[in-house]
Amino acid sequence: MSKSALITGILGQDGPYLADFLLRKGYKVYGLIRRYSNPNFSNLDYLNVTNKVDYVEGDMNDEASLLNLIRGLHPDEVYNLAAQSFVKASFEQAKLTTEVNSLGPLYLLNAIKFFSPTTKFYQASTSEMFGLQHTNGYQDEKTPFHPRSPYGVSKVYAYWITVNYRESYGLFTCNGILFNHESPIRGIQFVTRKITDGVAKIKLGLVKELRLGNLEAKRDWGFADDYVEAMYLMMQQKNPDDYVIGTGESHSVREFVEIAFKSIGIADWKKYVVIDPQFKRPAEVPNLKAKADKARKNLGWKPKVAFDELVEIMVKADLKRYGSR
Ligand code: NAP
Ligand code: GDD
């Protein structure tokens, strides 16, 4: 019999890539969606999987809906990708962020504990938990946490409750501590997509400038499609564990901007970029760089798409969206 997986956050960026990956492996895939008058399936459409997923309704803020779902479905695997995932918004909506990102996973874990204890659980943990901390410039599974936003703090709770339910009740629970990963269906507010969308519009003469915040922040950026494979691999191991996933390379927002403009033939990008303080954060995470040796050794995982290639893929996709060939 084929395995089944419930994916929360199915309409976001990672949900569609993971659904596509699991469907190819022969899984029956359930996708959790909130009740909307008009849900947006465009990211699933982009990967041609909209009609291959079975949709179930629920909300990470509504414990009963999650209990009922787990009790009814008994999925083999749950991938908890749902979150208020925009760091900047978490400063203004700290309570909502905490409810969705911290209590949501707790509700799912309780549902698994009470109604389906053989279900495996994946928590979408994040490099944002490290914040200011590093060991010789990189972060790995042993690096302590020092979150710098309500988002980062909410994810630290989710990380530890996931570990705690493994240790307390013997559940199969994993944390994937993923560094930034991007794609043509990345949310438009995140800096990479904001840049590639802006660059495409500038190339086509639709806008004249691109307004950004801190250009000096450095991130370890990979391709989302590579990263969903790591999620799956964690869930197939004999023993549940926590893994850092990233490329091991760190680049600044400035470098991302330079390469994106270069890809459309513009060298003098400074003519188009305006620094706007509204896009800066009350507390910044200056530098993230993964040391993903454990994943490489235990999971046999490594990223396939390099930084320059990722920027190009995203710029090309945005140009195509605006009708350019
Ligand atoms: P995303 O594009 O922002 O998608 C998040 C999804 O969560 C959306 O589909 C959203 O649903 C759903 N959601 C939000 N609140 C919900 C609620 N109350 N009930 C049910 N669903 C809710 O995020 P992503 O980039 O795919 O990331 C997936 C996960 O990985 C997130 O947990 C994120 O924090 C984590 N993460 C991401 C990265 C990264 O670089 N992308 C790195 C590390 C960790 P709607 O569509 O209905 O709004
Ligand atoms: N969004 C945004 N918009 N960020 C900007 C801008 C801008 O105009 N200008 C500069 N930045 C800087 C931010 O200050 C930050 O240092 C960096 O670009 C990346 O910002 P985001 O793309 O918003 O991502 P993030 O690193 O804060 O968070 C993402 O990655 C985390 C993993 O490290 C999100 O996907 C989180 O959900 C995820 O956990």
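1. In the residue classes used here, Ala, Val, Leu, Ile, Met, Phe, Trp, Tyr, Cys and Pro count as nonpolar, Asp, Glu, Lys and Arg as charged, and the others, Gly among them, as polar. By these classes the shell around ligand 1 has 11 nonpolar, eight polar and five charged residues.

2. The model is predicted: local features need pLDDT of at least 70 and side-chain atom pairs count only at pLDDT 80 or more, while totals for chains, interfaces and linings use all residues. Residues are numbered from 1 along each chain as its sequence is written, chains are lettered from A and ligands numbered from 1 in the order in which they are written, and side-chain values use heavy atoms, with hydrogens and water left out.

3. Ligand 1 has 24 residues around it, and Asp14, Arg34, Tyr36, Ser85 and Tyr151 come nearest. A residue is counted as near if one of its heavy atoms lies within 4 Å. An oxygen atom of ligand 1 is 2.6 Å from an N or O atom in the side chain of tyrosine 151. Polar backbone atoms also take part, at 3.0 Å for glycine 12 and at 2.8 Å for aspartate 14. Taken alone, ligand 1 exposes 890 Å², of which the protein buries 88%. Accessible areas come from the Shrake-Rupley method with a 1.4 Å probe; for residues, only the protein chains shown count as cover.

4. Which elements give two or more residues to the shell around ligand 1? They are strand S5 (120-126) and helix H6 (150-169); S5 gives the most, with three residues. Helices (H or I, at least four residues) and strands (E, at least two) are DSSP runs, numbered from the N terminus.

5. Ligand 2 is surrounded by 23 residues, the closest being Ser85, Thr126, Ser127, Tyr151 and Arg281. Ser85 and Tyr151 are also among the residues that come nearest to ligand 1. Polar side-chain atoms of threonine 126 and asparagine 180 each lie 2.6 Å from an oxygen atom of ligand 2. A nitrogen atom of ligand 2 lies 2.8 Å from a backbone N or O atom of glycine 213. Alone, ligand 2 exposes 720 Å², and the protein buries 96% of that. Its shell has 10 nonpolar, seven polar and six charged residues.

6. A salt bridge is a side-chain nitrogen of Lys or Arg within 4 Å of a carboxyl oxygen of Asp or Glu. By this rule there are 17 salt bridges. One of them joins aspartate 20 to arginine 24, with the closest N and O atoms 3.2 Å apart. Both residues lie in helix H1 (residues 14-24), four residues apart, about one turn of the helix.

Terms used:
Polar contact = N/O pair within 3.5 Å; in protein donor to acceptor, adjacent residues only side chain to side chain.
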